[in-house]
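Please read the following walk through a single protein chain with its sequence and coordinates open.

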Amino acid sequence: MNLVILSRNPDLYSTKRLVEEAENRGHSVEIIDPLKCDIIIEKEKPSIYYRDRYLDYVDAIIPRIGASVTFYGCAVVRQFEEMGVFTIASSEAILRSRDKLKSLQRLSKAGIGMPKTVFTNYSRDVEEVIEHVGGTPVIIKLLEGTQGLGVVLAETKNAAESVLEAFNGLQARVIVQEFIKEANGADLRALVVDGQVVGAMKRQGKKGEFRSNLHRGGSANIIKLNQDELKLAMHAAKVLKLPVCGVDMLQSSRGPLLLEVNSTPGLEGIEGATHKNIARAIITFIERSKS
């Protein structure tokens, strides 16, 4: 097959591993920067022009679209879809997962457990917002934040007030979430491929840090998920129509609670922690889907 990885950085671990496994299995693969693609819209002939050629020979794409280029990146993915090219993540599913509020609303309706969450339109009644999630401490998250950026732990009502006022002053949209103390600064990441969990790790924040992101100095270890955790991960992937994704959750006294679903999960942490070949699992999923 002719595979295309939509990525702005060919040196990223995830991109290099996907190229390596695709070539190991005999496929032709190239890395294309989605921002350098021209989308040509014409009656009954949608096409994409990249540098000096039309991309009319592509069998499947692997979108690795960064959050900062979601709009144009998804427009390129959508154009490939209009051309009949297979993608491991549809443009609609990527957009759905990037909208934290919309995805939480959809997942909540589907019966998936999550921390109590409040979204409010720049409310000045902070006390009421805090009560809705069970009191302080609370987590305050930017709707557009990634890799732990724009996530604040407010331990007191005064701290929550100050943070919300600051975000409100910047016209930044935030959600307020219940703080799950028993998680002890750790979370679980389940990697789903073709609707099945192919690897899972427990990420632990460094001492004094409530965020467990590896980019912020956290550590990761392999973990065997229990039945409830497996069920949550697979159900969340199915609800958001993402056959390949990373599902983040917390362990709590009332069972696993979903944090978010990542449509372009990094492979370095999960492959390092589990010693499993996740990149190969993604390539073989494409092979099965195209056969």
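**From fold to helix**

Among contacts in the chain (heavy atoms within 4.5 Å) between residues at least 6 apart in sequence, 65% join residues at least 24 apart. This is a predicted model, in which local features need pLDDT of at least 70 and side-chain atom pairs count only at pLDDT 80 or more, while totals for chains, interfaces and linings use all residues. Residues are numbered from 1 along each chain as its sequence is written, and side-chain values use heavy atoms, with hydrogens and water left out.

The chain has 9 helices and 16 strands; these are DSSP runs numbered from the N terminus, with helices being H or I of at least four residues and strands E of at least two. The radius of gyration is 20 Å, close to the 19 Å that the globule rule gives for 291 residues, so the chain is as compact as a globular protein of that length. That radius is taken over C-alpha atoms, and the rule is 2.2 Å times the number of residues to the power 0.38. Along the principal axes, the C-alpha atoms fill a box of roughly 60 × 40 × 35 Å.

Of the 291 residues, 48% count as buried, that is, under 20% relative accessible area with a 1.4 Å probe and protein chains only. A nonpolar core is a set of buried Ala, Val, Leu, Ile, Met, Phe, Trp, Tyr and Cys residues joined through side-chain atoms within 4.5 Å. The largest such core has 42 residues, of which Leu6, Phe80, Leu107, Val247, Leu258 and Val261 touch the most other members. Helix H7 (residues 227-239) gives the most to this core, with 5 residues. A second, separate core of 23 residues includes Val19, Leu191, Ala273 and Ile278.

Valine 192 lies in strand S12 (residues 186-193) and counts as buried because its relative accessibility is 0%. Not counting residues up to four places away in sequence, valine 192 touches Val197, Ala233, Ala237, Pro243, Val244, Cys245 and Val247.

Helix H9 (residues 278-290) has 13 residues and reaches 19 Å from its first C-alpha to its last, close to the expected 18 Å, which is 1.5 Å times one less than the number of residues. Among the buried residues of H9 are Ile278, Ala281, Ile282 and Phe285. At the start of H9, a side-chain oxygen of asparagine 277 reaches to within 2.9 Å of the backbone nitrogen of arginine 280.

How values were computed
Buried means under 20% relative accessible area, exposed over 50%, partly exposed in between (1.4 Å probe, protein chains only). A polar contact is a pair of N or O atoms within 3.5 Å; within protein, one must be able to donate a hydrogen and the other to accept it, and residues adjacent in sequence count only if both atoms are side-chain atoms.
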